[in-house]
Amino acid sequence: MSDPEFHPADFMKPADFMGPADFIKVDGVDMTFSRGEEEVHALRGLDLSIPKGRFVAVVGPSGCGKSTLMRLLTGLAKPSAGTVTLEGAALRGPAKGVGMAFQNASLLPWRSTLSNVMLPFEIVAPHKRRLRANRAEYEARARALLKTVGLEAFADNQPWELSGGMQQRANVARAIVHEPRLMMLDEPFGALDAFTREELWSVMQALWMERGFTAVLITHDLREAVYLADEVLVMSARPGRIVHRQEIDLPRPRTLEMTYEPPFQAHVHSLRDHIQTVREAH
Amino acid sequence: MTRRRLQILMPWAVTLGLFALWEAFCKISGIEVFILPAPSDAWAAGVEFWPQLLEHSLQTLFTTTAGFVLAVGFGVLLGLAIGSSTLVYKGLYPVLVGFNSIPKVALVPVLVIWFGIGTVPAIITAFVISFFPIAVNVATGLATIEPELTDVLRSLGASRREILAKIGLPRAMPYLFASLKIAITLSFVGSVISETVASNSGIGYLMLAASSNYNVPLVFAGLLVVAFLGVLMYALMALVEGRMTGWAFRGTDLMS
Ligand SMILES: Nc1ncnc2c1ncn2[C@@H]1O[C@H](COP(=O)(O)OP(=O)(O)OP(=O)(O)O)[C@@H](O)[C@H]1O
Ligand SMILES: [Mg+2]
């Protein structure tokens, strides 16, 4: 056991029974929505385990329950059956201090870009307590992050003065500014043009390599999944469950050049085949 | 002339045009002044009786403002309660709709029994007639929050109170200020109604008294004052709205 995270105190935690590596664990989760008379089985019998610090991408056909899975993983929704465990504790209610970014940037229009990015400091402990007395320090942190995502010139603009790509950068910055343990990304780059999207992949990868959080990325873009993730999970059509797991062993940092080379292409092809199978099985 | 200049001039031109038509109609048809006085007759009556008009207008402005302030306070609280809790919404909705269907003039006699005639019934009528649109608008602002916004805050660990403060209130602001324009006009209607039915002061009372003396030009002078004050208060609220919630218009300058 040469796990740097390992500590004797970990023996005391129930997490240890699954091995200290399990940051997120999902066991036999069902999710059923009732729409009037009929029932929609969004997820059925879904198992999943994500070690700490991993970047995991989830792909699958539209409507298979990816967004639902994300809401379950953060405790925003309760599964109809089964359990979700985060850091060894069963989730009851929303997990605290998780960073989330959705497909639409969902910035608060009445706040400037900087103020939007600083929102997590106003809510997450211990920043919440310290913010008033140390505003300058926090503002500097937020500005530094805005610089990393290429928005330093727009810190004081209102969100609607930003382009779609810029709003998405701000959205990612807001999700990450408080250095969350867990980052949830639901197609955050889906609405962007190809160039901006690829640029943001590299921003995202740099942030992840620097900060080492655990990340779950939901995407329709297989190249995006292979570029960013350590591991790609393929979901079946509804009712969704994980049908294939693919390790992406490409070295980091990954570059756009690599996306045109055979090892990368092989991963994309293999994933495409699996999704094709899943869609035909439907 | 630019389109912009035209837009600024248009309201004045239309208003003056209407008065001119009215004046011309009275002069040409020779209609009796105690049936339809011309604007010039109403103006003359206004000049003659201006101290009374001023005094009673101030009284009406006072009852309107007092009722309006109460309505804003109560309406906002009610709107927040309805908008943030489905249970409160389900429980109160039929009662509120029922209450809102009662013509408020029917309440005035009841208020007179309880409080006597005068200032208090006018304030209460102004209040009950105008809190409803405020409450409905604030509740709508809360109910139409994008779920993603709430999800972002919830996953950060925000409490219900924090979500209300960081998203709910700012989100409801444009809805609130939009409703104030309607509410102040309704509030004004409420106090004039109450003064007409049961008071011995206020512009509504003045018009009633004038009409029982067959002083029709003064009645019309009163009506014009009411209309003028209504426009004035509406414009004031529109100004406040533009100042407070510029973000809701996404930078397109509606005031110009
Ligand atoms: N709140 C809800 N009420 C009822 N049905 C729901 C609800 N949320 C999701 N569903 C249903 O669950 C299924 C999965 O939805 P979900 O949004 O998780 O799909 P998805 O994989 O994210 O799709 P996409 O790739 O298009 O974003 C869909 O059939 C959807 O209609
Ligand atoms: Mg989705």
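Reader: How many residues of chain A are in contact with how many residues of chain B?

Author: 25 residues of chain A are in contact with 18 residues of chain B. Contact means heavy atoms within 4.5 Å. This is a predicted model, where local features need pLDDT of at least 70, side-chain atom pairs count only at pLDDT 80 or more, and totals for chains, interfaces and linings use all residues. Residues are numbered from 1 along each chain as its sequence is written, chains are lettered from A and ligands numbered from 1 in the order in which they are written, and side-chain values use heavy atoms, with hydrogens and water left out.

Reader: What area do chain A and chain B bury between them?

Author: About 2000 Å², with 68% of it on carbon and sulfur atoms. Trp110(A), Ile123(A) and Trp160(A) supply 33% of the area that chain A buries against chain B, more than any other three residues. Buried area is the accessible area (1.4 Å probe) that two parts lose on being put together, summed over both.

Reader: Why is an area used here?

Author: The size of an interface is often given as the accessible area lost when the parts come together.

Reader: What makes the pair Arg71(A) and Asp151(B) a salt bridge?

Author: The definition asks for a side-chain nitrogen of Lys or Arg within 4 Å of a carboxyl oxygen of Asp or Glu. In Arg71(A) and Asp151(B), the closest N and O atoms are 2.3 Å apart. That is within 4 Å, so the pair is a salt bridge. The count between the two chains is three salt bridges.

Reader: Which classes of residue does chain A bring to the side that touches chain B?

Author: That side has 15 nonpolar, four polar and six charged residues. Ala, Val, Leu, Ile, Met, Phe, Trp, Tyr, Cys and Pro count as nonpolar, Asp, Glu, Lys and Arg as charged, and the others, Gly among them, as polar.

Reader: What secondary structure does chain B have?

Author: Chain B has 10 helices and zero strands. Helices (H or I, at least four residues) and strands (E, at least two) are DSSP runs, numbered from the N terminus. The C-alpha atoms of chain B fill a box of roughly 75 × 60 × 30 Å, taken along the principal axes.

Reader: Why is Thr63(B) called buried?

Author: Buried means under 20% relative accessible area, exposed over 50%, partly exposed in between (1.4 Å probe, protein chains only). Thr63(B) is at 0%, so the residue counts as buried. Its place is in helix H3 (residues 50-84) of chain B. Buried residues make up 41% of the 256 residues in chain B.

Reader: What makes Thr63(B) and Glu195(B) a polar contact?

Author: Their side chains are joined at 3.5 Å. A polar contact is a pair of N or O atoms within 3.5 Å; within protein, one must be able to donate a hydrogen and the other to accept it, and residues adjacent in sequence count only if both atoms are side-chain atoms. Leaving aside neighbours within four places in sequence, Thr63(B) is also in contact with residues including Thr119(B), Ala122(B) and Ser191(B).

Reader: Is Ser106(A) buried or exposed?

Author: Ser106(A) is buried, because its relative accessible area is 12%. Phi of Ser106(A) is near 40°, a positive value in a residue other than glycine. Ser106(A) sits in the loop between strand S6 (99-101) and H2 of chain A.

Reader: Where is the cis peptide bond of Pro126(A)?

Author: The bond joins Ala125(A) and Pro126(A), with omega about 0°. Pro126(A) is found in the loop between helix H2 (113-117) and helix H3 (127-130) of chain A.
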